[in-house]
Amino acid sequence: MNLPFADHFSAVAADYAAARPDYPDALFAWIAEAAPSRAQVWEAGCGSGQASRGLAVHFTQVFATDPSAAQIAQASGPANVTFAVEPAEHCSLADASVDAVCVAQALHWFDRAAFFAQCERVLRPGGLLVAWGYQDIEVPPAIAAANVRLQSDIAGYWPPERVFIDEGYAGFDWPFATIATPHFELEATWSLPRLLGYFASYSATKRYRETTGQDPVARHAQAFAQAWGEPSTRLPVRWPLFVHARRKDA
């Protein structure tokens, strides 16, 4: 059964698939090491499959779900990933069937009580719930001023759930016992077109365009280009990454 959900990304699904950063393999390796086995993992709110592909390297089977058919249409992964249009709050997996449940940059959109009930149901004894997210991009000093101006323009167009990302999911009523997590880095080296594509994938950018009829990324693209130099030059960017991990009782 599909329930109504706050759909901020279907209209930019192709941009989202092309532009979002890849998570560090060290995170997926740690999840697989900490899980009771590597047989099956459920990724809820998978979007276009960035984390699904990373999990597929370390788990035998990945079941990846998203309530947006447009996102699933853009999703891709190896043969051991099964994509399905399903809300996180109503999963078709069998009881006690997965070793881990993972949520990448999506838990703030869920009905958490209903989702956590699903985690209790589908996780095997000793299974893991791991949810992570990343906060505002940190850019090189040369383009910092242009980035500040763009972010300032769109600041008022973020959905209210964005505050949960800013807070690093602090204060959530988590199930299960917490377990310590290592420190992970989310970094990339991008060209200017890749960075601008990332900005275009923001839900705030979409809402700005719909509200004003103007494209905030296009408005600031020249300032980025002047500060960047040769567009194909690759510059380092990073995001503060936070990870929450909980283990179901064995």
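A search of the whole structure finds zero disulfides, a disulfide being a pair of cysteine sulfur atoms within 2.5 Å. The structure is a predicted model, in which local features need pLDDT of at least 70 and side-chain atom pairs count only at pLDDT 80 or more, while totals for chains, interfaces and linings use all residues. Residues are numbered from 1 along each chain as its sequence is written, and side-chain values use heavy atoms, with hydrogens and water left out.

Cys46 is buried, with a relative accessible area of 4%, and Cys91 is buried at 9%; buried means under 20% relative accessible area, exposed over 50%, and partly exposed in between, with a 1.4 Å probe and protein chains only.

Helices (H or I, at least four residues) and strands (E, at least two) are DSSP runs, numbered from the N terminus. Beyond its neighbours within four places in sequence, Ile31 has contacts that include Leu55, Phe59, Leu128 and Trp132, where contact means heavy atoms within 4.5 Å.

Strands S2 (residues 61-66) and S3 (residues 81-85) pair in the parallel sense over five bridges; pairing requires at least two bridges found by DSSP. Within this pair, Asp66 stands opposite Val85.

Helix H9 (residues 203-212) contains Thr205, which is buried at 0% relative accessibility. Leaving aside neighbours within four places in sequence, Thr205 is in contact with Ile154, Phe199, Ala200, Pro216 and Val217.

As for confidence, the chain averages a pLDDT of 93, and 93% of the residues score at least 70; pLDDT is the predictor's confidence in each residue, from 0 to 100. Over residues 1-5 the pLDDT is below 50, and over residues 7-13 pLDDT stays under 50. Where pLDDT is low, the predicted coordinates should not be read in detail.
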